[in-house]
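I opened my notebook to look up how the parts of this structure meet. My entries follow the display below.

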Amino acid sequence: MGLLISAASIAILVTIGIVLSMVFETVHFFRIYDWTNFFFGSTWSPNFRGDSELAILPLLWGTLYISAVALLVAVPVGLFAAVYLAEFAGPRVRATAKPLLELLAGIPTIVYGLFALITVGPGLVQLFGEGGFFGVSWMAGASSVLTAGLVMGIMLIPFVSSLSDDIINAVPQSLRDGSLGLGATRSETIRQVVLPAALPGIVGAILLAASRAIGETMIVVMGAGAVAKISGNPFEAMTTITTRIVSQLTGDSDFTSPETLVAFALGISLFVLTLGLNLVALAVVRKYREQYE
Amino acid sequence: MTPRSRSLFAADPQIQSRKRADARFRLYGLAAILASLALLAVLLGTVIGNGLGAFQQSYLTLEVELLESKLDKTGNRDIEEIKKVTTFGYDPLLTAAAERLIETHNIQTDLRAKDIAKLLSKSAVSDLRDFVVADPSQIGSTVSFDFLVNARVDGYLKGRVTRESIADDKMISAEQLDAVDQLVAAGALVKRFNLDFILGSDASDQRPESAGIGTAMLGSLAMMLVVLVLTLPVGVAASIYLEEFAPKNRLTDLIEVNISNLAAVPSIVFGILGLAVFINILHLPMSAPLVGGLVLSLMTLPTIIISSRAAMKSVPPSIRDAALGVGASRMQAVFHHVLPLAAPGILTGTIIGLAQALGETAPLLLIGMVGFIASTAPETMGDALLAPNTALPAQIFEWAKRADPAFYERAWGGIIVLLVFLVAMNAIAILLRRRFERRW
Amino acid sequence: MSASKISARGCNVFYGDTHAVKDVNVDIGSKSVTAFIGPSGCGKSTFLRSLNRMNDTIDSCRVEGTITLDGENIYDPRVDPVTLRARVGMVFQKPNPFPKSIFDNVAYGPKIHGMAKSKSDLRDIVENALRRAAIWDEVKDRLDAPGTGLSGGQQQRLCIARAIATHPEVLLMDEPCSALDPIATFQIEELIDDLAKNISVVIVTHSMQQAARVSQKTAFFHLGELVEFGDTDDIFTNPSDPRTESYITGRIG
Ligand SMILES: Nc1ncnc2c1ncn2[C@@H]1O[C@H](COP(=O)(O)OP(=O)(O)OP(=O)(O)O)[C@@H](O)[C@H]1O
Ligand SMILES: [Mg+2]
């Protein structure tokens, strides 16, 4: 029995391990680097001369911008796909489309990363780059917010659609009957009754998707670029928290220099950010489920 | 009150426009589904279109005279002596063989034999040397040997490299391609199935043509073993406790919330944990599959706990009651009755968890499984766990980083291998579920 | 008695292979109340739902025969169920208010059918419907509160208000009082009486007393068949079929 209990407690140990492993090094980091500069500075430029500027804001901006593009792709497509599957599709369409979407969800992110690096990035350059299809030269390189955002959006479509599908299916049939019985069309029923009823659950699903997007690493490492800047131009390369964690911790890391230790501060920021989103999302979804139980 | 005695058949414009809105809405839904499926098709098409080439490789057949005067000056076939001849010593043999090639096939070219020999992979000399060292008795004879050609020539045969694309290329010239055309026509240069890609090891960035993914597969296999050995017992034990014994209190609540949150923590964070705990504190070796396996275990555990609990939950309480009714203890009821019935579900969840772990890349970057050339396969179990190695997705990323179309091809090829594993694992999981699906 | 509003001829309903309603012929009068009674699973709800084509929403369900509304076949391919359901409304067994405000619940039908020309028009329609459903006094001060926050009986009256706000010519009610206490039941029965002055009401009920109290005509179903149909008084005092008699005296059930 003791064995069983300790096995169950491992989950807590892991969480504690995660937090502690990052907290120690983060404390260490803030001893040698001013925390106000980390949180409120506006420049990210690590170097080996000892005057690195290590501010999280430009990275956070890139992260949020790319995630927003991804959600802009994934939420409408995923939601409409879920609505179609749950409300319109016959059993046969459902039985084929659902597993195929799940297949999309089971593809590892390295595949999406390679797709961004080799296919989508250069493809976008051919459209928007110098001498490209549209005759504009908006894109200088293949890495950009758009490249990473689009591909991440594709990755998130099945995530959004399967969560929303579950949620839409949890809306009781009696509500649909009530609306149809009044002479509403299917789309009126969906837009005015089903979706509003499912709204909290869908918001939860979108928050979970956002948390995924923020924590995603491979797609941005391979598609977003390494330039830390705050800009509104989606055709420019920008960088994210996760890519900087990777770049600061790979290669020859010196665990006494702020340039390496900053990765832990970034890691804990990422952890807190995604944890917060997850907690809110799970609470929202749980509350929503209870409403219809 | 509006009098409404109009006919059911009357086409009411208001209804018509509502029906059109309905049809439009439906169309958006259909478009979303079709778009997702089209994206899936494009993705898989890209993978297969770009990656299949990696499973084929071009070879040039040369008649090599293994001159005793070059390879074994003393002539007593002393293996130690023979080993002293470096790859430089083999270069002239290849040039001579190229000379003979030009003559036998009557190749029309202004190039010297040395330039024809440059069509070969940089690994050609060492392959030849390995051959001789393995069997010194061949020295003195002339052997027919299939050499890898370099990535440019290989790319030319696969259509990746064209005469236009090599305009500024220092590695290959148009004259060389002319010779290649003739060699292909003569049947000396052929493209065929390349088992070495599947079984071989990575090669330096000068030799994409001889890079293989076999060693990375061994790395992944070792990690999966670690994950399986660690997560299955722990995951099942944790689910048994939570599902069958746990009292409803703050601690179990905390554990539950923890598990569902851990399942959503970004994978890179687990990489940081691995680096900080396993490497910096416990001083386990960098790049070791054991460390990779440990990190992936922590990531996979929540998945396995969640699915095992679902499997145990689906065993009806009547089974437990029946076991308890005939005098079994609760432990016995669980281990003799509930667990066997939940086993297929637990196994399915485990396979799916392993499949996820197999494709995970980000945490491996931080524990050093990328950025070096995993050129030798581990020989012992200890090596497989502790010697630096890479893993399937890490190897793919490593190739993608080398920014060379020949390596891109290998990266896509690696993805095909990875996807074949994932499809196989998921298929097994689905079959298991079908086979043991029970309705209570 | 006035002319029939709905008539069914040779109506059969199937769920896949299950033959749920067998060869039913029935005429439902206008401006009157018709009750459907019968043991559980005998096909009352199924038949009721085929009167406004709610069965269209169930994939496996198939309806044969003809059902006419004012002489027009409602299963004619030219008929849009949306048009039909605007004229033949429905109230369900379990109250199912939308997760919207009380006002929006009632305004839902009039809005989608474009019945209100202005905001004040809409307010009038809503108030009128809530008054007729005998719930106005209880909710007039909290029209913006969510409809799901009402008590069960109030919710059911809200659903009735929602159904009558679109001015249907026929109102189908499937066990509308089964979730309600006696007082709420009484209020709804009064409401049905009142409604029947203008429209026809069809009510499915398991309560013989309720059928006797509210309806003019009663149909008794058994195992998918319509066993007996006639004036309520006759059915309850002098049933012609032994199965009807057993049921109303409590021997089948
Ligand atoms: N959606 C469905 N799919 C398949 N069969 C159904 C469905 N709905 C009802 N049935 C079957 O059709 C028959 C008639 O059901 P119906 O709901 O019409 O009975 P009912 O008279 O309304 O019963 P109750 O008084 O319990 O409400 C039953 O045998 C039932 O099992
Ligand atoms: Mg019923």
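**Entry 1: chain A against chain B**

I began with the contact between chain A and chain B, to which chain A gives 71 residues and chain B gives 66 residues. I kept in mind that this is a predicted model. For the area buried between chain A and chain B I noted about 5,900 Å², with carbon and sulfur atoms giving 82% of that.

Helix 1 of chain A (residues 2–32) supplies the largest share of the side that touches chain B, namely 15 residues. Sorting that side of chain A by class, I listed 50 nonpolar, 17 polar and four charged residues.

**Entry 2: ligand 1 in chain C**

Which residues surround ligand 1? I listed the shell, which includes Tyr15(C), Ser40(C), Thr46(C) and Glu175(C), and I noted that it divides into four nonpolar, six polar and two charged residues. Helix 1 of chain C (residues 44–50) gives the most to this shell, with three residues.

I next checked distances to oxygen atoms of ligand 1: a polar backbone atom of Gly41(C) is at 2.8 Å, a polar side-chain atom of Lys44(C) is at 2.8 Å, and an N or O atom in the side chain of His206(C) is at 2.6 Å. Of the 630 Å² of accessible area that ligand 1 has on its own, the protein covers 62%.

Technical notes: Residues are numbered from 1 along each chain as its sequence is written. Chains are lettered from A and ligands numbered from 1 in the order in which they are written. This is a predicted model: local features need pLDDT of at least 70, side-chain atom pairs count only at pLDDT 80 or more; totals for chains, interfaces and linings use all residues. Side-chain values use heavy atoms; hydrogens and water are left out. Contact means heavy atoms within 4.5 Å. Buried area is the accessible area (1.4 Å probe) that two parts lose on being put together, summed over both. Helices (H or I, at least four residues) and strands (E, at least two) are DSSP runs, numbered from the N terminus. Ala, Val, Leu, Ile, Met, Phe, Trp, Tyr, Cys and Pro count as nonpolar, Asp, Glu, Lys and Arg as charged, and the others, Gly among them, as polar. A residue is near a molecule or strand if one of its heavy atoms lies within 4 Å of it. A polar contact is a pair of N or O atoms within 3.5 Å; within protein, one must be able to donate a hydrogen and the other to accept it, and residues adjacent in sequence count only if both atoms are side-chain atoms. Accessible areas come from the Shrake-Rupley method with a 1.4 Å probe; for residues, only the protein chains shown count as cover.
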